[in-house]
Structure formats: structure tokens, C-alpha cells
Amino acid sequence: MKDLILDVKDLAVEYTRGDLKVRAVAGVDLQLGAGEILGLVGESGCGKSTLGKAAVGILDRAEGDVTFDGKSVAKIGRGKRDPHFLSLQMIFQDPYGSLNPRRKIGEQIADGPVIQGMSRSDAIEKAKSLLERVGLPANAVDRFPHQFSGGQRQRIAIARALAINPRVIVADEPISALDTSSQAAVANLLVNLVEEFQMGMIFISHDLSIVRRISDRVAVMYLGKIVETGRTEEIWNSPSHPYTKALMSAIPHADGKAFMPLDLPGDVPNPAYPPSGCRFHPRCPMAMASCATEVPKQIALADGRKVSCVLQSEGAAVKTLNFAK
Ligand code: ADP
Ligand code: MG
């Protein structure tokens with residue numbers, strides 16, 4: 001990994017749903033380097049968005065440690081944010097929902113720099129150049145969100161995030177709501193921006209082909225935990241966790257908003273009642289008796305990737321997984 005900028009340790013987030021407690025993120029370690037894109041994948045409901053929000057410090061209820069530039073991010077909460085943490089930004093799936101329909105684009109992009117002490121006129125100039133950087137005309141500053149297409153609005157949301165000179169961006173399904181032609185263009189834009197500004201980016205997506213194409217590393221999440229993380233090509237070429245292997249065979253869901261791993265029986269369990277031992281064992285084609293009782297430790301393989309599965313051995317080369325049919 002390149003220079004570490006975000007270090008997540010033992011992060012946990014618990015929601016209350018009626019009488020039930022849902023540990024949406026159940027003890028996660030994650031590192032992000034400058035100039036790096038980390039793809040975060042996993043089935044719907046596994047905790048990706050919750051992890052992303054906790055990583056940028058906009059969830060009050062997060063436990064554990066998130067360190068950014070040597071300062072603790074977790075538990076800052078929305079509204080109480082130290083300006084230092086404006087350097088952590090999030091981009092959401094629906095850019096319309098995150099832009100105010102009644103304010104001019106330029107004003108909205110200028111808000112962040114103004115909070116950071118820039119004069120409003122300078123901030124509007126900055127907004128113009130950022131709009132050009134993301135492929136829109138500078139005169140868009142005087143227009144309103146409804147005058148733009150979905151893809152253009154996502155570019156505006158990206159310009160607004162860039163305006164505060166972020167070091168880390170969590171992009172949560174940033175292209176999922178866009179038409180196919182804008183998807184590739186916005187993905188390429190993000191890749192170029194990460195390179196140009198040497199930011200770190202966590203890219204959350206259910207589009208595995210895009211994740212594979214743009215991510216330097218990938219983290220695979222299942223029911224609140226990261227089961228495997230490593231360099232993208234290694235993960236695709238030789239998955240070391242059975243869930244990763246199943247995910248690689250996944251096909252898009254009919255609604256286009258999720259994917260279904262083909263080789264797995266059953267559905268994702270209710271996170272309010274996570275299975276004992278390895279959380280994946282009831283669906284795992286390779287589960288052994290001990291998997292129902294023993295929580296697998298995270299180990300490092302010879303190639304540096306980390307995996308939580310008893311089928312692999314610390315420090316060893318990855319063992320090839322074969323699902324019995
Ligand atoms: P993903 O982004 O991977 O689809 P989420 O982080 O949105 O997953 O959700 C993880 C789990 O937490 C799900 O079971 C979801 O229903 C639950 N959850 C998410 N947000 C809330 C909330 N505000 N209150 C209660 N439960 C929530
Ligand atoms: Mg989500």
C-alpha cells in the first residue's frame with residue numbers, strides 16, 4: 001500500500017430496530033493509502049454504507065478507532081466535526097438528494113471553502129474551475145440542479161466534494177443511478193482525480209466489473225465483517241475465501257441494483273441474529289464442523305492479503321478453493 005492515510009481498527013456500529021440490535025458493522029479493520037482506490041463489495045445489507053459513513057466520521061454510534069492523519073475520527077458525529085475532518089468527504093448514489101434544488105450550483109460548491117475561510121467570491125471562482133475539471137462549463141455556477149442530467153449532477157456533487165481539498169473520499173454507489181454511458185465516464189473521472197490529487201478513495205459498488213477495473217485493492221464484506229482484502233487482481237485470480245469465490249460468479253440482479261452469488265444456497269441471514277462461529281458457515285460450500293463454533297481469525301497470506309477463513313494458513317500461499325457441485 002502507498003502512504004497510509006486512513007486506518008480503521010475494530011470498527012463496530014450497532015443500530016436498534018425495535019427491540020432488536022443489529023450490528024451492521026461487527027469489528028472491521030481497514031487501511032487506505034494515498035492515491036489508492038479500495039473497492040468495497042458485498043451483498044446488499046452487509047454494512048458497506050454504514051462502514052463508509054463511520055469511516056468519514058458522520059455516525060455518532062461508531063465504536064472502535066478510525067485514525068486520519070494521526071487524529072481519531074470515530075465518534076465525532078455530524079455537526080460536531082472539527083474542520084480538519086472536512087478533508088474526509090462522502091459522495092452518495094443519488095446526487096439529486098444531496099444537492100439543494102433551490103440554490104445555485106456555484107453557491108453550493110462554494111460553501112465548503114467558505115467554511116474553511118475563503119472569501120465567497122474566491123470560492124465561486126474555485127467552483128468554476130472545479131466544474132471545468134469535472135467536465136462541465138464554468139457558467140454552470142449560475143444554474144440550478146434540475147437543469148442538469150443525473151450524470152452531470154453527480155459531477156457537480158464530485159466538484160463540491162473536491163472544493164474542500166479532500167484527502168479521503170468515500171464514494172457510495174456513485175455511478176449506480178447513472179445511465180450506462182455516464183457510468184464509465186464518471187468512474188474514469190474518479191480514477192483521474194484520485195491520481196491527480198493523491199486522495200484515498202473507498203469505492204462502494206455492486207458493479208463488480210467496474211470495481212475490478214478501477215480498484216487497486218478490494219475488501220469483501222459479509223454480514224458486518226471483512227472476510228478478505230488484498231490486491232484486486234490477486235483476489236479475482238485466486239480468491240482465498242469461499243465467499244469471495246462465490247461473489248466472483250455473481251450475476252446482476254434483475255433490478256440492476258444488486259447481485260446474486262450463483263453458487264450459494266439460501267439468503268443472507270438476518271444481521272440481528274448472526275450465525276455462530278464463522279458468520280458465513282451456513283451458506284459456505286466448504287464449511288467444516290468447526291466453522292459453526294470457531295470465529296476465524298484474520299490471517300495474512302504470503303502475498304500480503306488478509307483473509308478470515310480456516311481453509312487458509314498464516315504466511316502460506318493461497319490454497320485453491322474448489323466447490324463440490
Ligand atoms: P449496505 O450498504 O451494504 O447495503 P447498510 O450499511 O446500508 O448495508 O446496512 C447494514 C445493515 O444495517 C442492514 O441490515 C440495514 O437494514 C441496517 N441499517 C442500516 N441503516 C440503519 C438504520 N439507520 N437503522 C437501523 N438499521 C439500519
Ligand atoms: Mg449501501
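## Surroundings of G315

Leaving aside residues up to four places away in sequence, G315 touches A300, L301 and A302. This is a predicted model, and in it G315 belongs to the segment that follows β14, the strand spanning 306-307. From A12, G315 is separated by 303 residues in sequence, and the C-alpha atoms of the two residues are 27 Å apart in space.

## Residues around ligand 1

Which residues are found around ligand 1? They are Y15, R17, A24 and P271, together with E43, S44, G45, C46, G47, K48, S49 and T50.

Three of these residues can be described through their N or O atoms and the oxygen atoms of the ligand. For G45, a polar backbone atom is 2.7 Å from an oxygen atom of ligand 1, and for G47 a backbone N or O atom lies 3.1 Å from an oxygen atom of ligand 1. For T50 the side chain is involved, with an N or O atom there placed 2.5 Å from an oxygen atom of ligand 1.

## Helix α3 with helix α4

Two packed helices are described by the angle between their axes and the distance between the axes. For helix α3 (residues 105-115) and helix α4 (residues 120-133), the axes come within 8 Å and cross at roughly 115 degrees, and α3 passes α4 in a right-handed crossing.

On the α3 side, the residues that meet α4 are I105, G106, E107, I109, A110, D111, P113 and V114, while α4 brings R120, A123, I124, K126, A127, L130 and L131 to the contact. Sorted by class, the contact of α3 with α4 consists of 10 nonpolar, one polar and four charged residues.

## Helix α3 with helix α5

The axes of α3 and α5 come within 7 Å and cross at roughly 30 degrees, which means that α3 is roughly parallel to α5. In this pair, I105, Q108 and I109 of α3 meet I156, A159 and R160 of α5, and the residues of the contact divide into four nonpolar, one polar and one charged. Both I105 and I109 of α3 also meet α4.

## Helix α5 with helix α6

How far apart are the axes of helix α5 (residues 150-162) and helix α6 (residues 180-197), and at what angle do the helices pack? The axes are 10 Å apart and the packing angle is about 15 degrees, so α5 is roughly parallel to α6. The crossing in which α5 passes α6 is right-handed.

From α5, the residues making the contact are G151, Q154, R155, I158 and L162, and from α6 they are S182, A185, V186, L189, L190, L193 and F197. By class, this contact of α5 with α6 holds eight nonpolar, three polar and one charged residues.

Technical notes
Residues are numbered from 1 along each chain as its sequence is written. Chains are lettered from A and ligands numbered from 1 in the order in which they are written. This is a predicted model: local features need pLDDT of at least 70, side-chain atom pairs count only at pLDDT 80 or more; totals for chains, interfaces and linings use all residues. Side-chain values use heavy atoms; hydrogens and water are left out. Axes are lines fitted to C-alpha atoms, for helices over the stretch in contact, and angles run from 0 to 180 degrees between N-to-C directions. Helices (H or I, at least four residues) and strands (E, at least two) are DSSP runs, numbered from the N terminus. Angles under 35 degrees count as roughly parallel, over 145 as roughly antiparallel, 65 to 115 as roughly perpendicular and the rest as oblique. A crossing is left-handed if the near helix is turned anticlockwise from the far one by less than a right angle, and right-handed if clockwise. Contact means heavy atoms within 4.5 Å. Ala, Val, Leu, Ile, Met, Phe, Trp, Tyr, Cys and Pro count as nonpolar, Asp, Glu, Lys and Arg as charged, and the others, Gly among them, as polar. A residue is near a molecule or strand if one of its heavy atoms lies within 4 Å of it. A polar contact is a pair of N or O atoms within 3.5 Å; within protein, one must be able to donate a hydrogen and the other to accept it, and residues adjacent in sequence count only if both atoms are side-chain atoms.
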